[in-house]
Amino acid sequence: MLRSRNRAQTALEMMFIAGIIIVGIMLVVPTYLEESRDISIVAYVRASASRACDYLNMGVLSNDSRYSVLNPVLERLNGLSPNLRVLKLETSQFNNTITITVVLTTPYSTIDNETLASAIENFILHDLNTTTNLVLSNGTLVYGDTVVNIVVRVEK
């Protein structure tokens, strides 16, 4: 009789320890996955902004439909390489909305920054929609239940 009590006590202790481990996992894993999702979104935006800069810096028109948004800007540059580069990415999050501001830089003052920023912003929206898991819905990117806003600024 004493032996079965010891076994029962040992079994209860093991179940208690297993319960603590499971609760710990339930607390840690969702936070890790949420951070991973946010980092993935920022990485997607960075890669897309770099593709836009590379295309404009190359200065060669392409018939590829992905770059059709950038072609009018490239024609206005008239052979001038804008030497665009991604200066920084700024992120802010409120509830389930992430706003990512992409700051690009160019040494030339003759380039219309607003037109350039608008074209690159449109390129990023469509590029992320076609190459990643982000979905473009009514002009807004959505990743799962997270709304992603993209803002592009060009500075000299």
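User: What do β4 and β5 form, and which residue in the turn has a positive phi?

Analyst: Strands β4 and β5 form a hairpin with two residues between them, and G144 in the turn has a positive phi of about 70°. The model is predicted, so local features need pLDDT of at least 70 and side-chain atom pairs pLDDT 80 or more, while totals for chains, interfaces and linings use all residues. Residues are numbered from 1 along each chain as its sequence is written, and side-chain values use heavy atoms, without hydrogens or water.

User: How do you know that β4 and β5 are paired, and in which sense?

Analyst: Two strands pair if DSSP finds at least two bridges between them. Three bridges join β4 to β5, and the two strands run antiparallel; by that definition, therefore, they are paired. Y143 stands opposite T146 in β5. The strands themselves are DSSP runs (E, at least two residues), as helices are (H or I, at least four), numbered from the N terminus.

User: What makes β1 and β3 edge strands?

Analyst: The open sheet has five strands in the order β1-β2-β5-β4-β3, with mixed pairing. Strands β1 (85–94) and β3 (135–137) are its edges, since each pairs on one side only. The twist averages 30° from one strand to the next.

User: Where does helix α3 lie?

Analyst: Helix α3 (residues 113–131) lies across β2, β3, β4 (140–143) and β5 (146–155), running at about 150° to β5. Such an angle is taken between N-to-C directions, from 0 to 180 degrees, with axes fitted to C-alpha atoms, for helices over the stretch in contact. Strand β5 has a covered face of T146, V148, I150, V152 and V154, and an uncovered one of V147, N149, V151, R153 and E155.

User: How do you know that the side chain of T106 makes a polar contact with P82?

Analyst: A polar contact is a pair of N or O atoms within 3.5 Å; within protein, one must be able to donate a hydrogen and the other to accept it, and residues adjacent in sequence count only if both atoms are side-chain atoms. A polar atom of the T106 side chain lies 2.4 Å from the backbone oxygen of P82, so the distance falls within the limit. T106 is found in the loop between β2 and α3.

User: Which residues touch the most other members of the largest nonpolar core?

Analyst: L56, L70, L104, I120 and I150 do so, in a core of 34 residues. A nonpolar core is a set of buried Ala, Val, Leu, Ile, Met, Phe, Trp, Tyr and Cys residues joined through side-chain atoms within 4.5 Å. The largest share, eight residues, comes from α3.

Notes: Contact means heavy atoms within 4.5 Å. Buried means under 20% relative accessible area, exposed over 50%, partly exposed in between (1.4 Å probe, protein chains only).
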